[in-house]
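Please look over the structure shown here, with its disulfides, one of its helices and one of its pockets in mind.

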Amino acid sequence: MCSIPGIRLPVSAFHHSAVQLTLIATVVTGIAILSLAPHQEPRFLVPLALPVCLLTSPVFFGRSNRFWKITWLGFNGIVLIFFGGLHQAAVVPSLAYLNSNLKPLVTHDQHTNVSVNIAYHHTYMPPRAFLMIPECSENSGNWCSDRVNVIDWMDEPPQKVYCWFWELEHARENVRILNRLVVPGSIDIPSTIRFNSSVCSMNNESEESIQIEMKVEHQIRPHLSTEHFPHFWNQLVLNIYRVQLTRG
């Protein structure tokens with residue numbers, strides 16, 4: 001029998017050439033189509049797990065060969081470590097860190113308008129619920145949805161991220177602003193970035209020189225980004241940068 005959650009089918013059913021051909025075609029065409037996509041992620045292969053299981057189950061479970069069973073257990077152990085402990089593993093812990101460290105800074109100063117801007121770059125989309133940001137009300141203080149901005153910049157060019165920080169600061173006067181950038185350690189981030197505001201918008205009434213200082217505030221390990229595979233072990237980390245903008 002081939003054991004799949006909720007399904008029990010006789011192994012002999014998968015020895016039929018037509019069935020095997022259909023399953024093989026499903027796997028091959030699925031991989032071929034996914035390989036053409038410009039954006040690659042391991043999770044895109046998950047739908048192929050069912051046909052692969054049906055094809056390989058007679059080999060792994062249809063005989064008493066210990067080698068194949070050990071191979072099956074070893075493979076699943078590797079996949080468990082990869083997806084469960086390495087691949088994009090620090091995204092949720094980073095949200096918990098930001099909540100525990102930024103929220104006290106914001107709520108401590110109730111008499112000053114504070115705005116928090118958090119940008120994620122080259123990571124999975126952060127589940128914002130872990131920041132525990134309530135809707136703004138008379139008693140909510142500065143840590144609320146109107147004053148905490150979280151954006152996922154995916155794989156956009158770095159200049160767009162820098163301009164986003166500048167535009168938020170440019171639009172808000174007399175506001176204390178806390179900026180954070182969350183990015184994998186395999187992405188090279190300069191400590192100082194200089195650019196002209198004209199690169200951000202063609203509608204600027206006056207151009208000004210912008211300087212951004214980047215300082216690593218915290219690191220969370222392990223974190224693996226397969227889109228930007230680390231070259232060294234010390235890059236297997238998610239960096240949280242403190243972003244400071246100056247004008248002029």
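The report below takes up these topics in turn.

## Disulfides

The model is predicted, and it holds 2 disulfides. With the bonded cysteines numbered in sequence order, the pairing reads 1-2, 3-4.

Cys136 is partly exposed at a relative accessible area of 30%, whereas Cys144, at 1%, is buried.

The sulfur atoms of Cys163 and Cys200 lie 2.0 Å apart in the other disulfide, which is left-handed, with -80 degrees about the S-S bond. This pair links distant parts of the chain, 37 residues apart, with Cys163 in helix α5 (residues 158-171) and Cys200 in the loop between β6 (192-196) and β7 (209-220). Cys163 counts as buried at 6% relative accessibility, and Cys200 counts as buried at 16%, because the cut-off for buried is under 20%.

## Helix α1

Helix α1 comprises 20 residues (residues 17-36), which at 1.5 Å a residue should span 28 Å, and this agrees with the 28 Å between its end C-alpha atoms. Leu23, Val27 and Gly30 are buried in α1; the buried residues fall within an arc of 70 degrees seen down the axis, so they line one face of the helix. The face turned away from that buried side carries the exposed residues Ser17, Leu21, Thr22, Val28, Ile33 and Leu36.

## Second largest pocket

The second largest pocket holds about 170 Å³ of space. Its lining is made up of 15 residues, of which His39, Glu41, Thr123, Met154 and Asp155 lie nearest the centre, and by class this lining has 4 nonpolar, 6 polar and 5 charged residues.

How values were computed. Residues numbered from 1 in each chain as written. Predicted model: local features only at pLDDT ≥ 70, side-chain atom pairs only at ≥ 80, totals over all residues. Heavy atoms only, no water. 1 Å grid on protein atoms, 1.4 Å probe; cavity = no way out; pocket = protein on both sides within 12 Å on 5 of 7 lines; lining within 4 Å. Points joined across faces, edges and corners; volume = space filled by probe spheres on them. Nonpolar A, V, L, I, M, F, W, Y, C, P; charged D, E, K, R; others polar. Helix = DSSP H or I, 4+ residues; strand = E, 2+ residues; numbered from the N terminus. Expected span 1.5 Å × (residues − 1). Buried < 20%, exposed > 50% of the residue type's maximum accessible area, 1.4 Å probe, protein only. Arc of directions from axis to C-beta. Disulfide = S-S within 2.5 Å.
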